[in-house]
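Here is a short briefing on one chain. Please read it alongside the sequence and the structure.

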Amino acid sequence: MKYFIQISRKFLLIILLLSILAISSRSGILQDLIDKVRFIMKLEKVDQPSITSKDSDERLKSKNISFIFELPSVNYLISETGRIVPSSFREGILKRNIYFINFIDELEILNFMVYLPPVHIEMLDDFLNGNVDKVFAISTKKFNDLNEDEKKLVLELPQGSDSNSDVLSPAQLNEEWFLNIICRYNLSLLKDFEIEDDEDWEKVKVKTSGFTNEDKELLLTLEVRALSEYRNKLKKLLKSYSIEFLSNTRSGSEPGLFLSEAAILTDTSSLSILTDLKDGRNKYFKSSGYFSLNRDITQKEIPLITTAGFSYILTDEEALMESLQSIEYPGLSLKEIEQFPYYIFFTVETGKIIQILFYHSEFKDVFKQENLKDYKQNLRKIYDSIPDNTAEGVFENKDPLYIVLIPTDVLFDYTKEDFKVLKELFEYTIDLYMFSYVPIKNHLKKHNDKEKMFLLRDLLANAHRDIYRDWNKAQKMSFDILTSMKKDIKIISTDLEKIEDPEKLMTATGELDKIKRDFLTLRSYYSNLNEFTVEEFDLFSSQMKKIIKEFDIEEFTKEHPE
């Protein structure tokens, strides 16, 4: 019977390959699909005991593992015209994220987890719909159309200085140097791209000076095309059954910093943390998993997370180690206690059970750029740190899963070449049969019975919360401003309902919606330890005053007498 199953699998793979050949005439797509089939065939061999590793006669016993990649988070900037996408967002996609998406697409069969900030998709759509960053907008202009501030920004670009240049001030900038600076900058974002059958690109990519307006237009067109293709591939992967995308709030706010507000689980206003969480979970992609942004979480946040619709939480193992006093298993050895983070826990809030998983960040150095090439010995350290499944005592009927975090600070500076090495790293684990890459959804479903999980009565993680507590004391004005902003918005929202003219009401509501979005962005700044600048607060205040004056809002004036 087992032999028949193996033959059937091979037969299905042959059919799949034939189908690929039949439907695909493009070698790139064909090669991608063939690579995926190759990985499937390698993974199928894990259960065949006669196979040994290529580097050793030792047959490694496969251990359960899963990897979570935390994508860098970038948020909007506040301007006089509303929120704008920062240049760093576009730069990060072109220099890093495109290669990351290709990487997880090629290794889709390894069941990776990815934390994707929901605001990432919002900004990407926003950019492709015309709300481009300042540098890109300047790049589209003719030299004679630039104002003084735009010329200054051009000279501040990474490619804006040149040893042969006498340009010292905006007044000295001419069209030749403008084109050279802009094209060098945009070319630096595209230098690793492989663009086939494009003679114009072949000519432009080797230039260092003498760029033309046509060259500039070509580079900008290629960038938009690359961002569109990135969006399409990301959209496809978001529907993948193999890759698990985790989420948090839509705006990037940290729920735990606003617990007094979050405790009101009936607040469905657009400014509530609960709505922010619900939108983060399902507005741009459907997510079951809640990823704690700042490495910790407290029990008071659980009702909010479950009400938003999340079914499980992934957080740092430190959160569990600080909460061990709430686990009622006396008499355990230190070795047994240390194994707790490999298992699923659950807690009950608002009548709902939510599962809790814990990742390990102690091996993040393995994935740093400078250490990637030493992956063979470093991977063995990870393998040796994973305990064998004893299936005895309190661990009976429970399967361990070691979850490794590759955090944002490690991925931030990755290049195309780094992702190539990272792919080699994971291919090596397949060749060595070190790990069994467990689909997180299947693992959670398999252990959904209380007997297969541990009860966690109270999450008491405070290690990182202390950082916020100390910072908040110094930046209390920021928090007070947020509180005041929200109160003012509520007053104005109530007064707008009294406007009888439908057209005037629609205009006023649109203006207020912009202010609400700015508020959510400023709240995310606070969550990420960024205090407000005077300019940002002044912009918000002036927008508020504009609505008050334009639409004769009396109640607000009563609440805030001159």
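Lys514 is partly exposed, at 39% relative accessibility. Its salt-bridge partner is Glu511, with 3.9 Å between the closest N and O atoms. Glu511 is also partly exposed, because its relative accessible area is 21% and the buried class ends under 20%. The model is a predicted one.

**Salt bridges**

- Lys514 and Glu511 both belong to helix H21 (residues 502–527). They are 3 residues apart, about one turn of the helix.
- Salt bridges with shared partners join Arg83, Glu122, Arg250 and Asp279 into one network.
- The structure holds 23 salt bridges.
- Arg90 pairs with Asp133, and their closest N and O atoms are 2.7 Å apart. Arg90 lies in helix H3 (residues 87–106) and Asp133 in the loop between H4 and helix H5 (134–139), so this bridge ties together parts 43 residues apart in sequence. Both Arg90 and Asp133 are buried.
- Lys423 and Glu106 form another salt bridge, at 3.3 Å from N to O. This pair links distant parts of the chain: Lys423 is in helix H17 (residues 416–432) and Glu106 in helix H3, 317 residues apart.
- Lys423 counts as buried, at 16% relative accessibility. Glu106 counts as partly exposed, at 24%.

**Around Glu122**

- Glu122 is found in helix H4 (residues 118–128). Its relative accessibility is 11%, so Glu122 counts as buried.
- Leaving aside residues up to four places away in sequence, Glu122 touches Tyr76, Arg83, Arg250 and Tyr284.
- Arg83 also lies over the face of Tyr76, 3.9 Å from the ring centre.

**Aromatic pairs**

- The count comes to 34 aromatic pairs. One of them is Phe291 with Tyr359, which is stacked: the centres are 5.9 Å apart and the planes 20 degrees apart.
- Phe291 sits in strand E6 (residues 289–291) and Tyr359 in strand E9 (residues 352–360). The pair links distant parts of the chain, 68 residues apart.
- Phe291 is buried, with a relative accessible area of 0%. Tyr359 is buried too, with a relative accessible area of 0%.
- Is the pair of Tyr342 and Tyr402 stacked or tilted? The ring centres are 5.4 Å apart and the planes stand at 45 degrees, so the pair is tilted.
- Tyr342 lies in the loop between helix H14 (334–338) and strand E8 (345–349), while Tyr402 lies in strand E10 (residues 402–406). These positions are 60 residues apart, and the pair links distant parts of the chain.
- Tyr342 is buried, with a relative accessible area of 11%. Tyr402 counts as buried at 1%.

**Aromatic cluster and a further charge over a ring**

- One aromatic cluster includes Phe67, Phe69, Phe100, Phe103, Phe112 and Phe367. Among its other members are Tyr383, Tyr414, Phe419, Phe426, Phe435 and Tyr437.
- The charged end of Lys398 sits over the ring of Phe454, 4.8 Å from its centre.

**The chain as a whole**

- The secondary structure comes to 23 helices and 12 strands.
- Of the 562 residues, 51% count as buried.
- Among contacts between residues at least 6 apart in sequence, 78% join residues at least 24 apart.
- The accessible surface comes to about 27,800 Å². Carbon and sulfur atoms account for 51% of this surface.

How values were computed: Residues are numbered from 1 along each chain as its sequence is written. This is a predicted model: local features need pLDDT of at least 70, side-chain atom pairs count only at pLDDT 80 or more; totals for chains, interfaces and linings use all residues. Side-chain values use heavy atoms; hydrogens and water are left out. Rings of Phe, Tyr and Trp (its six-membered ring) pair if their centres lie within 6.5 Å; planes under 30 degrees apart count as stacked, over 60 as edge-to-face and the rest as tilted. Helices (H or I, at least four residues) and strands (E, at least two) are DSSP runs, numbered from the N terminus. Buried means under 20% relative accessible area, exposed over 50%, partly exposed in between (1.4 Å probe, protein chains only). A charge sits over a ring if NZ of Lys or CZ of Arg is within 6 Å of the ring centre and within 35 degrees of the ring normal. Contact means heavy atoms within 4.5 Å. Accessible areas come from the Shrake-Rupley method with a 1.4 Å probe; for residues, only the protein chains shown count as cover. A salt bridge is a side-chain nitrogen of Lys or Arg within 4 Å of a carboxyl oxygen of Asp or Glu.
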